[in-house]
Amino acid sequence: MNMRCFSERRSRFMEEMKPNSLALIPAGSEQLRDRDIHYVFHQNSDFHYLTGYPEPQALALFQKGKGKNETGRWILFNLKKDEVIERWTGTRIGQEKACSFYGADEAHAIEDQDEEIPKLMAGCQTLYYPIGVSEPFDRRVNGWVHTVEKQVRTGLSAPSVRIALSSILHEMRLIKTAPELACMQKAVGVSCLAHERAMRVCQSATSEFQIHAELMRVFMESGCRHVAYEPIVASGENACILHYTENTGPLKSGELLLVDAGVEFEGYASDITRTYPTNGKFSPEQKALYEVVLEAQQAGIAAVKPGNHWNQPHEVVIRVLTEGLVDLKILQGSVDTLIEQKSYEKFYPHQTGHWLGLNVHDVGAYKVDEAWRIFKAGMTLTVEPGLYVKCEPEVLPKWWNIGIRIEDDVLVTETGALVMSEALPKKVADIESFMRG
Ligand SMILES: [Mn+2]
């Protein structure tokens with residue numbers, strides 16, 4: 001992504017800040033996995049969105065003055081260059097390049113934050129930061145405010161108003177711009193290729209981790225280094241475990257395989273699920289349940305359009321799933337009563353989707369002033385109904401251990417919805433013919 005995208009976002013962000021305010025956004029921090037070994041580093045998505053700066057141990061500060069035409073300044077605190085450490089862990093960006101390449105107006109060593117930030121806070125009225133998100137960061141902010149408060153008798157004043165950063169930033173992030181959508185479409189495209197590969201090899205594979213390996217192979221070969229989340233490769237009864245990530249079970253002919261996998265491109269996530277028979281041919285029971293989920297998903301996608309609210313796809317999905325379960329005699333009674341009693345929850349215990357973006361479960365409030373959010377062009381989300389039938393004594397054994405989810409990534413357009421993962425087969429006939437081919 002072009003560095004200009006980030007500077008445009010900063011301008012828009014600072015336009016929204018109140019006069020005489022500061023915003024503080026910490027970078028992600030490295031997490032210990034075991035002794036001195038770290039997990040793969042992932043940048044904090046708010047920090048990334050405004051800076052594009054890739055290193056941990058950094059803090060972005062945005063300062064907006066009192067003046068009417070203030071555009072604001074970006075001050076970065078980051079790691080210092082260090083020849084000895086860089087020999088072990090790679091080149092650091094340092095203060096100079098933070099300004100020349102990343103566009104910071106000023107850059108200071110991260111060690112100087114406790115000295116510099118109280119100076120910048122003095123006299124400033126409003127503070128934006130991710131309130132209550134991380135206890136250590138809350139404590140650091142309180143410490144800086146406290147340092148200013150100790151000096152009030154010298155005439156300094158500390159910020160008196162604190163506002164959640166999300167009130168500006170997450171509203172911005174909810175509507176994707178063209179360069180963001182291009183990244184998301186790239187991530188979705190690579191994930192579709194990986195799913196196709198999984199469909200192709202599953203008839204000869206004997207274990208879930210062989211499928212997992214094929215997914216990773218396509219991701220990496222396509223230049224995408226990071227998954228958006230741990231892939232779920234769940235065969236047979238494992239598909240009824242919603243967040244199954246062991247991926248070590250055997251693949252048995254005649255069972256269904258549920259694969260929920262998505263890669264990240266330039267930080268942007270994709271999140272796609274397909275379910276198909278390991279032998280390439282749906283049994284009558286698998287097909288019957290699958291058609292119900294597919295019909296629910298198509299109805300859910302049709303409910304995604306400007307003017308409709310967030311929960312409408314879920315409401316439509318619940319109705320189609322409940323009707324389907326009644327038709328198949330898995331549930332008995334009137335559809336309205338079953339919906340009212342939430343009888344479907346035994347087979348469909350999750351929501352129909354979530355926002356998608358820099359985070360796989362992206363930021364953005366689902367309700368505004370207690371009412372469901374209205375869809376607007378540029379929002380991106382998943383639509384992912386499912387049905388999961390475990391060994392329930394009140395259900396005929398022929399339905400047992402069938403777990404199905406169908407998930408696509410959807411963009412709200414001016415007139416309706418665009419399915420970004422449209423290319424990946426999902427109709428019964430399409431899947432069967434794809435697996436034959
Ligand atoms: Mn999802």
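Is asparagine 20 buried or exposed? I would like to start there, keeping in mind throughout that what we have on the screen is a predicted model. Asparagine 20 is buried, because its relative accessible area is 15% and the cut-off for that word is under 20%. The residue lies in the loop between helix H1, which spans 3-16, and strand S1, which spans 21-26. If we set aside the neighbours within four places in sequence, asparagine 20 is in contact with Lys64, Gly65 and Lys66, and also with Gly123, Cys124, Gln125 and Thr126.

Let me turn to the aromatic side chains. A search of the whole structure finds 13 aromatic pairs. One of them joins phenylalanine 13 and phenylalanine 62 in an edge-to-face arrangement, with 5.5 Å centre to centre and 70° between the planes. This pair links distant parts of the chain, since phenylalanine 13 belongs to helix H1 and phenylalanine 62 to strand S4 (residues 59-64), 49 residues apart. Phenylalanine 13 counts as buried because its relative accessible area is 0%, and phenylalanine 62 is likewise buried, at 0%. Elsewhere, ring pairs link Phe47, Tyr53, Phe101 and Tyr102 into a cluster. The ring of phenylalanine 101 also has the charged end of lysine 97 sitting over it, 5.3 Å from the ring centre. A further case of this kind involves lysine 367, whose charged end sits over the ring of tryptophan 372 at 4.7 Å from its centre.

Now to the metal site. Which residues coordinate the manganese ion? They are Asp271 through OD, His354 through NE2, Glu384 through OE and Glu407 through OE, at 2.1 to 2.4 Å. Along the chain, these donors follow the spacing D-x82-H-x29-E-x22-E. Histidine 354 sits in the loop between helix H12 (335-340) and strand S14 (367-368), whereas glutamate 384 sits in the loop between strand S16 (380-383) and strand S17 (386-389), so that the pair, 30 residues apart, links distant parts of the chain. Histidine 354 counts as buried because its relative accessibility is 8%, and glutamate 384, at 9%, counts as buried too.

I will finish with the strand pairing that involves S17. S17 and S18 pair in the antiparallel sense over 4 bridges, and leucine 387 stands opposite isoleucine 404 in S18. In a regular strand, side chains alternate between the two faces of the sheet. In strand S18, residues 402-405, Ile402 and Ile404 point one way while Gly403 and Arg405 point the other way, and all are buried.

Conventions. Residues are numbered from 1 along each chain as its sequence is written. This is a predicted model: local features need pLDDT of at least 70, side-chain atom pairs count only at pLDDT 80 or more; totals for chains, interfaces and linings use all residues. Side-chain values use heavy atoms; hydrogens and water are left out. Donors are N, O and S atoms within 2.8 Å of the metal (3.2 Å for Na, K and Ca); water is not among the atoms, so sites may look incomplete. Helices (H or I, at least four residues) and strands (E, at least two) are DSSP runs, numbered from the N terminus. Buried means under 20% relative accessible area, exposed over 50%, partly exposed in between (1.4 Å probe, protein chains only). Contact means heavy atoms within 4.5 Å. Two strands pair if DSSP finds at least two bridges between them. Rings of Phe, Tyr and Trp (its six-membered ring) pair if their centres lie within 6.5 Å; planes under 30 degrees apart count as stacked, over 60 as edge-to-face and the rest as tilted. A charge sits over a ring if NZ of Lys or CZ of Arg is within 6 Å of the ring centre and within 35 degrees of the ring normal.
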